[in-house]
Amino acid sequence: MAEIRLENVSKSFGSVSVIKDISLTVEAGELVVFLGPSGSGKSTLLRMIAGLETIDSGSLTIGDVRSETLSPGQRNVAMVFQNYALYPHMSVRDNMAFGLQNIGLPTAEIEARVLTAARMLEMEHLLSRKPAQLSGGQRQRVAIGRAIVKEPKAFLFDEPLSNLDAALRVRTRVELAQLHQRMKATMIYVTHDQTEAMTLADRIVVLNQCKIEQIGTPMEVYLKPASRFVAGFIGSPGMNFLPVEVLRPGRTPVRLGNGLEFEIEAPVPQAGKFDLGIRPESVRIMTAGADPSRPTTTAQVSVVEQLGERTLAYCTLEDGSQLIAQDSGRSSVRPGDRVQVGLDPTAVHLFDADGRSYQAA
Amino acid sequence: MAEIRLENVSKSFGSVSVIKDISLTVEAGELVVFLGPSGSGKSTLLRMIAGLETIDSGSLTIGDVRSETLSPGQRNVAMVFQNYALYPHMSVRDNMAFGLQNIGLPTAEIEARVLTAARMLEMEHLLSRKPAQLSGGQRQRVAIGRAIVKEPKAFLFDEPLSNLDAALRVRTRVELAQLHQRMKATMIYVTHDQTEAMTLADRIVVLNQCKIEQIGTPMEVYLKPASRFVAGFIGSPGMNFLPVEVLRPGRTPVRLGNGLEFEIEAPVPQAGKFDLGIRPESVRIMTAGADPSRPTTTAQVSVVEQLGERTLAYCTLEDGSQLIAQDSGRSSVRPGDRVQVGLDPTAVHLFDADGRSYQAA
Amino acid sequence: EETVTWWDFLSGGDGVRMKQLISDFNAAHQGKIKIDATTLEWGTPFYAKVQTSAAVGEAPDIMTYHASRIPLAVKQGILQEITADDWKTMGLSQSDYAPATWDAVTSEGKQYAVPLDTHPIVLYYNKDLLKKAGVLGDDGKPKGMDSRENFTATLKALKEAGVKFPLGSVTADGNFMFRTIYSFMGQQDGELMTDGEFLAGDNAKKLENALSVLADWTKEGLQSTYTDYPATVALFTSGEAAMMINGVWEVPTMTDLAKNGKLFDWGAVELPVIFDHPSTYADSHSFAIPSNKGKEMSPEKRAAVLEVMSWISKNSLFWATAGHIPAYGPVTSSAEYKAMEPNATYSSLTTNMIFDPKTPLAGIAGPMFDVMSNFFVPTLNGEMEPAEAVEEIKAGLEDL
Amino acid sequence: MTAATARRLNIIGLVITVITVLCAVVWAFPLYWAVVSSLKPEDEVVRPYIELWPDTPTLSHYVFALTKTEIGRWYINSIVTAAAVTILTVSSSLFCGYAISQLKFPFRSMLWWLILASFMVPMQTLIINHFELVADLGLINTWSGIVLPQLIHPVIIIVYKQFFDGVPKDFREAAVMDNASEWRILTRVYIPMNWGVTTALSIVCFIWSWNSFLWPFLAVTKTNMMTITVGITQVNDAFGVYYARQLTAAVLAGLPVALAYLIFQRRVTEAITLSAGIKG
Amino acid sequence: MLRNRRRETLFALALVAPFVAIYGLVFVYPTIKLFMISFTDAPLIGEGNYVGFDNYTRLASDRRFNTAVWNTAYFVLITVVPGTLIAFAIALGVNRLIGRLQAAILALFFLPYILPVSVVYLLWDWTLNFQFGIAMHVFDLLGIQRIPVFKSTAWFMPAVGVITIWWTAGFSILLFLAGLRAIPAEIYEAAALDNAGIWSTFRRITWPLMWPITALVLTIQLISQLKIFDQVYLFSTGGRPNDNVVLVYYVFQRAFQSDQGGRAAAVAVVLFIIVIVVSVLNFQLTRLSGGRSR
Ligand SMILES: Nc1ncnc2c1ncn2[C@@H]1O[C@H](COP(=O)(O)OP(=O)(O)OP(=O)(O)O)[C@@H](O)[C@H]1O
Ligand SMILES: Nc1ncnc2c1ncn2[C@@H]1O[C@H](COP(=O)(O)OP(=O)(O)OP(=O)(O)O)[C@@H](O)[C@H]1O
Ligand SMILES: [Mg+2]
Ligand SMILES: [Mg+2]
């Protein structure tokens, strides 16, 4: 397994700049997820690593080999496509063997590798089927198998689960995680589904508008978003944002739009208008006798989503700002209720007008 | 808005029975979700109501009109298809107007209705575009708009969100919920994604193998599953099941496979082998100083999924049985850890060999 | 051994007989000459093929050729002259042929082919029906063969006797009808082409006369309309048409049917004299030697080819069973031929034969045919007035 | 009103189906009629009334055609030349269509326009030039000579290009990642994925070649080199009543292709269905 | 994609080489020769003298050429659109059927396509034979006057047109079927829910969605019907060839019957130009109307 290092990589299609000066090192054996909204350049970056797109400037090193100018085949990385791109006319066995035949491996060796991979992915009984005869999850495994047999330096996945239905998605996600643990292979995984990103990644690379917004472990990204974009993008639902006025830098009172004032640790350089970010799980519906130390305000509930293990209440504050609060699974909140919501002052973030994050606490 | 009543409805394709003697009443203004695994007959049932499939036996009443033999147009229900089935060659306006033109409404009236619907769905600026020029979410709104303008007795949705990416899905889900609240329309909504089901439904109809397993509000279905199937199917992840021996009916000790004994309220007729069901959120990782009253056992963590607002730990008990436990978002559990997990004895369910549920507490 | 490559366009009954002759020839010349024969499709394809093949040196050593196509072929330079020496080698001479026949293979004083036969058209008739209608003469020939009025009367009598079509004519095929119409022009000494001019002088009127005879028969319901070739034969042989104007090549059809007892008592005679004097259109199957571009023929080969032409001409009595009149005089004057019926009956008409005008535009499948055919069909079936047709034909011919 | 409407819809559907079936029967009737006529004795053929089945069915015309001619040899010539035309045309068109669709090379678009233009030229008008060419090459009376000028069917390239354009580029990329050479991408990925259309095009090309007349007629001067369409004209007779015999010849000329089509029909229609790739 | 330009070019050239070689030999070269011959008075085969534009200028006053142009236009008019519509209608009918019945019916409609033109000629000449054709017997039964179909100028072109449609519809039917099967069933279900009747479903859904295929079929038909020859030639021999002449037939007459290769080539060149002009017009037209209906 090999390290992948991108240095000052850029790319444009005609006059459209799609990747802007990106540097990134993926450690050997690491699983890095590229996360970002549609059009943020995830696929392009991946395809540049694979050699399917040229690199305009900057350097790419795979293992210890400078690779910008190598052809896709020579880079020895394997790619799993979004729609798997299994050859529809070949059996599962042939699909997996094709790449090995191309490099002229002896038949016995090919057969052995295919069998090993098939055993690992528990699909020995599928070897002679055609892709059309497989379920979505099985196809996914074939696509992975086709990558595994190459014994590549790294695996690249481009939204491999986006075609599966929700249930299958969860199952294959777990399978992928286990596979990574077993193989300890270098993997880059593209997705715009953050549940996938959170659960799979060793580190997450959040891309936005052709640039890297943040690199970090899933929890770093979740708990310490580097920017307002990351904060809003990560989490389901994303972070609440409320306009707030910082009265004084330091441990300091802030005032919400509805006049509520409370104190937070605000490492901002000066007072002024900021956005306060707080995750739904840090906004609690207060029942009588709840922690009185929390700053509390009144809100009107508009929509209630009971998710079973928790309940989300979509609330409107008096000044019209929107807020999602979380309650326990067995919540009795109903749309239209007026409730008290309490904010956890230790879990708030401040963002300036440029989206820069100032972490409280 | 109209009530929809199915009585003893059956349907088979050739020799394959697909709907078996189903009776169901959807109240006027209610939003009912059909939930069930793939192939359970959800779409078929919906299509029978729409008139796209014939009804072999039984009766269907929409409003007060017996409708089994009416043509789809005459039933005056609107359907939103999984992939929207927008007419690709017509503008958004024409897509919405087509059905009204077919019933010979005056042009002015058509225009008015289309505009109203477009305004309601915030897509007045899209009216002259073709579907190909719209994003997934916009297409979804056109499909809904096409349904709204008909002023139908009821709306039927067949997995309308399954083609959207996760982020868009959440957004449109909320939009749909708001729409329902605004219009108070009778809606039947097919999905196999239970987050959707939980958040949208007034009542959920759980289908399995061509039959209704349970009808109830989302929380009823979540908290009081009528069968082991429902318990395992609802929730993400679903309920944990552990083999258990009931030592005595009544308030009574049970023994897990690993020997742990504790007391639960077990309204079972007699002692014997059962499956104990418990949701992940009722299985907590015990830290030092936690509630000592909970029955506790030792487990080995295999996979940890940090979802941000919570953490799921996939654990193996000493007897090899699998269990998912929930921990807080900022959990420090790592794969391989040995931990103490505590079960909430008030949140357990018992299922006999046939899957029948015996609710504890 | 010399192998002589041979092309013909003789299919069906003709083809069978020619194949017989060829195999007889081969048997008679075993070890010396062998004919390697190929039959190709009749008409435009055949002549196009001959022309293109000759141009690239792929033409055969000998081929059948319609005498009517010789002027065009000479212009294209695809035929070799048959020299006086050749005639001598073959043991044939001008005196063995009817003057019209000899003339037909002659272009600008030179001969370009050896005539095998002449195949005129004749009048076939159903003796049973004629007898019933009382128009069968004592000589066994139809009554009224001497004038337009009398022949029309004969037709009318047949009609009155309940015959559906007194005369079967190939009215659907203008190419075919050219033969009849040209014969009727010949009966007025009409010419299609005089010194390079089409329908000069009163020739147009003569063509109009000829056309109106036939058009009138149609108008009076005496003649089958829009009948194509096989249909005409079928009408006649099934007894629906009492008489039929057709080529002598249909004789075998009749003989065969009669032999199987499937036919009535029938006869064939020279065309009736509608105008001034007897005259019948004929064409001739002849043998020609293509001049292959860039390929000189060896003297041995040429000798072999001449031997083929000579032998087959001299043994053309068998060819007469195909209905055709052998061109080689000694054969027709032989006792065996005289005994052949009805061939002997109509062989006399060789003295009244006329051939196509000598122009490269004429001949089987030539452009003149198309022009004529184009207007014959509507005229003969009552869609167009003969005078108008003649106008059009004249204009069409001048357009060529 | 309710059940009645449903029934009315059903009845309309039924009526359309019945009409379709009736049309199909009428449509194919001339074919049936030709076969039946070829089984009648000549005198029965020309009876003045409709006779849907022969009184005295006879195979005599077939016996005549099969025994009096070199029809076996002609079939062989036809099969060999049509197969050669098909294989050569389809394969060269496939390669060319693939290159135009998938690869970059100089003069690509010019070649494409030339091919489109050649679809518009009536090939018949080139036949004499073809003849001179083939004669110059000394190929008259050879299978190669029959085959050569038939090797241009621009439509086949046009269709291939359309299909290759429709193959998602993922497959190409997957194969590149798999180290496949260009040749293997073509032969192991693109060709197998387009078997359906290849079958369809092969059948159509075979039909065209089998049915061509004027060219093989010009290119062949020996009976034993004739193709079936050329040879079969010898069965025809310029004289006499030979409707049945001519129809027999027609049936014999058309039969093998008809059989081949019926055998491959499923694959043809499947291919065509896959061709949902035809975009506007 | 990262490509090896040189290798790719070489490979591409190797792939197109066989085709280009054949193409140059049997298409480009003869076509150029055809152009050159059109400026000479060459006979059917062989050399001729340069005559400038004579062969072209005399076409203006050539009656037969005029007839040929009009006949060709007339033939295109009566076959292209009707042929396309008929094939469409048949495809609609066949598309409704399922399973073996569909296969059988499709075969019945397709079979004529596999026949050689000479067989088509024989079949129809026989079927429409004035004396013995089964169609005439049917006319008799119906009390209709018999029609000498191929011998009257009024009936000739329509009849050959119908036969051509009959003969060539199979291919168009296959294309239409492909298009119909590509329309998702759900669109029709949506239309049913939208109260659309059979007619408005067809007019508002099927027709516009099928327009691209229809345009394709129209183009193919247009080009092939402009090149019509065999049928007209076969059916008019012995009848009224000069009244029924079409452009390619005229080329044939000039070349093969009149032995005027040069004049024939000129007509061929004119025809080629007509085809290109008409195709380009047609392309623009279908694109425009396509733009309107989508
Ligand atoms: N071949 C191309 N030519 C021009 N622009 C392109 C091309 N390919 C991609 N782009 C543009 O580059 C940007 C990044 O595209 P990319 O496919 O990498 O996005 P992504 O992050 O994978 O999005 P998604 O989640 O939708 O797959 C987009 O704005 C896209 O429009
Ligand atoms: N036309 C048909 N002919 C035969 N069987 C059918 C047909 N349509 C559906 N079925 C079968 O009926 C059963 C129910 O199908 P249905 O489409 O209603 O399932 P579903 O619950 O909507 O599943 P999914 O979530 O995958 O859409 C399935 O087993 C399916 O295979
Ligand atoms: Mg992407
Ligand atoms: Mg479904």
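Colleague: Which residue puts a polar backbone atom 2.7 Å from an oxygen atom of ligand 2?

Modeller: That residue is B:Gly39. A polar contact here is a pair of N or O atoms within 3.5 Å, and within protein one atom must be able to donate a hydrogen and the other to accept it, while residues adjacent in sequence count only if both atoms are side-chain atoms. Before going on, please note that this is a predicted model, in which local features need pLDDT of at least 70 and side-chain atom pairs count only at pLDDT 80 or more, whereas totals for chains, interfaces and linings use all residues. Residues are numbered from 1 along each chain as its sequence is written, chains are lettered from A and ligands numbered from 1 in the order in which they are written, and side-chain values use heavy atoms, with hydrogens and water left out.

Colleague: And which side chains have polar atoms by an oxygen atom of ligand 2?

Modeller: An N or O atom in the side chain of B:Thr44 is 2.4 Å from an oxygen atom of ligand 2, and a polar side-chain atom of B:Lys42 lies 2.8 Å from one. Ligand 2 taken alone exposes 630 Å², of which the protein buries 59%; such areas come from the Shrake-Rupley method with a 1.4 Å probe, and for residues only the protein chains shown count as cover.

Colleague: What is around ligand 1, then?

Modeller: Its surroundings (residues with a heavy atom within 4 Å) include A:Phe13, A:Val18, A:Glu159 and A:His192. By class that shell has three nonpolar, seven polar and two charged residues, where Ala, Val, Leu, Ile, Met, Phe, Trp, Tyr, Cys and Pro count as nonpolar, Asp, Glu, Lys and Arg as charged, and the others, Gly among them, as polar.

Colleague: Which helix gives the largest share of the shell around ligand 1?

Modeller: Helix α1 of chain A, residues 42-50, supplies three residues, the largest share; helices (H or I, at least four residues) and strands (E, at least two) are DSSP runs numbered from the N terminus. A polar side-chain atom of A:Lys42 lies 2.8 Å from an oxygen atom of ligand 1, and a backbone N or O atom of A:Gly41 lies 3.0 Å from one.

Colleague: Switching to chain E, how many helices and strands are there?

Modeller: Chain E has 13 helices and zero strands, and its C-alpha trace spans about 75 × 75 × 35 Å along its principal axes. Helix α3 of chain E, residues 63-96, has 34 residues and reaches 49 Å from its first C-alpha to its last, close to the 50 Å expected at 1.5 Å a residue, the expected span being 1.5 Å times one less than the number of residues.

Colleague: Where does α3(E) bend?

Modeller: At E:Gly83, by about 25°, taken as the angle between axes fitted to the seven residues ending there and the seven starting there. E:Asp62 caps the N-terminal end of α3(E), with a side-chain oxygen 3.0 Å from the backbone nitrogen of E:Arg64.

Colleague: Which chains have the most contacts between them?

Modeller: Chains D and E do, among the eight pairs of chains that touch, with contact meaning heavy atoms within 4.5 Å. Chain A and chain C have no contact, and their closest C-alpha atoms lie 49 Å apart; chain B and chain C do not touch either, with nearest C-alpha atoms 52 Å apart.

Colleague: Last one, what does A:Asp275 touch?

Modeller: Not counting residues up to four places away in sequence, A:Asp275 touches several residues, including A:Arg228, A:His349 and A:Phe351, and it lies in strand β14 of chain A, residues 272-278.
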